[in-house]
Amino acid sequence: MMTLPNNAFIHKYLAHTAESMRADLHEVLAMMRTIAPDAELSFDLGIPYFQQDSEFLFGVAARDNHLCIYFDTCPVFYSFKERLNQVQFGQNCLIFHRLQDININVFAELLSQIKVYSVKQGRNRSATVLH
């Protein structure tokens, strides 16, 4: 299992997560940290999420029997639907019941694409402001 920064909110959030979901939640957060090592782990939305250069990248909410992954708009999101067939796709979110049920490599690829898109969008907004 990957490690996360020692953080009181994370420990409390994990403690209040259904026991059956804790390991998956921890693993998803660690994956997000690995994919976005320069991103800031934030909590002001009530869930752990990562932001970089003030741009929301992705976050995760633990429910009783599933995890919800949230992110800003990303046009490549739906192109992963066939490769993540055990995942429910919603508007700017995806839901899965167990991490072991999905292809973790494809999931990591999706998170990477979300990060790239978000960072690129942030840079485009910054460039527009400068002109």
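**Close-up views of a predicted model**

**Figure 1. The buried residues of helix 2 in the predicted model.** In helix 2, the buried residues are M21, D24, L25, H26, E27, V28, L29, A30, M31, M32, R33 and I35. Because 12 of its 17 residues are buried, helix 2 is largely enclosed by the rest of the structure. The helix covers residues 19-35 and reaches 25 Å from its first C-alpha to its last, which is close to the 24 Å expected at 1.5 Å a residue.

Figure 2. Of the 131 residues of the protein, 46% count as buried. Among contacts between residues at least 6 apart in sequence, 50% join residues at least 24 apart.

**Figure 3. The hairpin of strand 1 and strand 2.** Strand 1, made of residues 40-42, pairs in the antiparallel sense with strand 2, made of residues 49-52, and the pairing runs over three bridges. Within this pairing, L41 has F50 of strand 2 as its bridge partner. Six residues lie between the two strands of the hairpin, and in the turn G46 has a positive phi of about 90°.

**Figure 4. The hairpin of strand 2 and strand 3.** Strand 2 also pairs in the antiparallel sense with strand 3, which covers residues 55-62, and here the pairing runs over four bridges. Q52 has E55 of strand 3 as its bridge partner. Two residues lie between strand 2 and strand 3 in this hairpin, and D53 in the turn has a positive phi of about 50°.

**Figure 5. The salt bridge between D24 and R98.** A search of the whole structure finds two salt bridges, and this view shows the one that D24 forms with R98, in which the closest N and O atoms are 3.6 Å apart. The pair links distant parts of the chain, since D24 belongs to helix 2 while R98 lies in the loop between strand 6 (93-96) and helix 3 (104-130), 74 residues apart. D24 counts as buried because its relative accessibility is 9%, whereas R98 is partly exposed, with a relative accessible area of 28%. In general terms, side chains of opposite charge can pair when their charged atoms come close.

**Figure 6. The salt bridge between R83 and E109.** In this pair the closest N and O atoms are 2.5 Å apart. Distant parts of the chain are again linked, with R83 in the loop between strand 4 (67-71) and strand 5 (88-90) and E109 in helix 3, 26 residues apart. R83 is partly exposed, with a relative accessible area of 41%, and E109 likewise counts as partly exposed, at 33% relative accessibility.

**Figure 7. The cysteines C68 and C93.** The structure holds zero disulfides. C68 is in no disulfide, and the nearest cysteine sulfur, that of C93, is 6.1 Å away; for C93, which is in no disulfide either, the nearest cysteine sulfur is that of C68. C68 counts as buried because its relative accessibility is 5%, and C93 is also buried, with a relative accessible area of 13%.

**Figure 8. H66 and R63 in the loop between strand 3 and strand 4.** H66 is placed in this loop and is buried, with a relative accessible area of 18%, which is under the 20% that sets the limit for a buried residue. The side chains of H66 and N65 are joined by a polar contact of 2.7 Å. Leaving aside residues up to four places away in sequence, H66 touches M21, A61, I95, F96 and H97. R63, found in the loop between strand 3 and strand 4, counts as partly exposed at 36% relative accessibility. With the same exclusion of residues up to four places away in sequence, R63 touches M21, C68 and Y70. The C-alpha atoms of R63 and L25, which are 38 residues apart along the chain, are separated by 9.9 Å.

Conventions. Residues numbered from 1 in each chain as written. Predicted model: local features only at pLDDT ≥ 70, side-chain atom pairs only at ≥ 80, totals over all residues. Heavy atoms only, no water. Pairing = 2+ DSSP bridges. Expected span 1.5 Å × (residues − 1). Buried < 20%, exposed > 50% of the residue type's maximum accessible area, 1.4 Å probe, protein only. Disulfide = S-S within 2.5 Å. Salt bridge = Lys/Arg side-chain N within 4 Å of Asp/Glu carboxyl O. Polar contact = N/O pair within 3.5 Å; in protein donor to acceptor, adjacent residues only side chain to side chain. Contact = heavy atoms within 4.5 Å.
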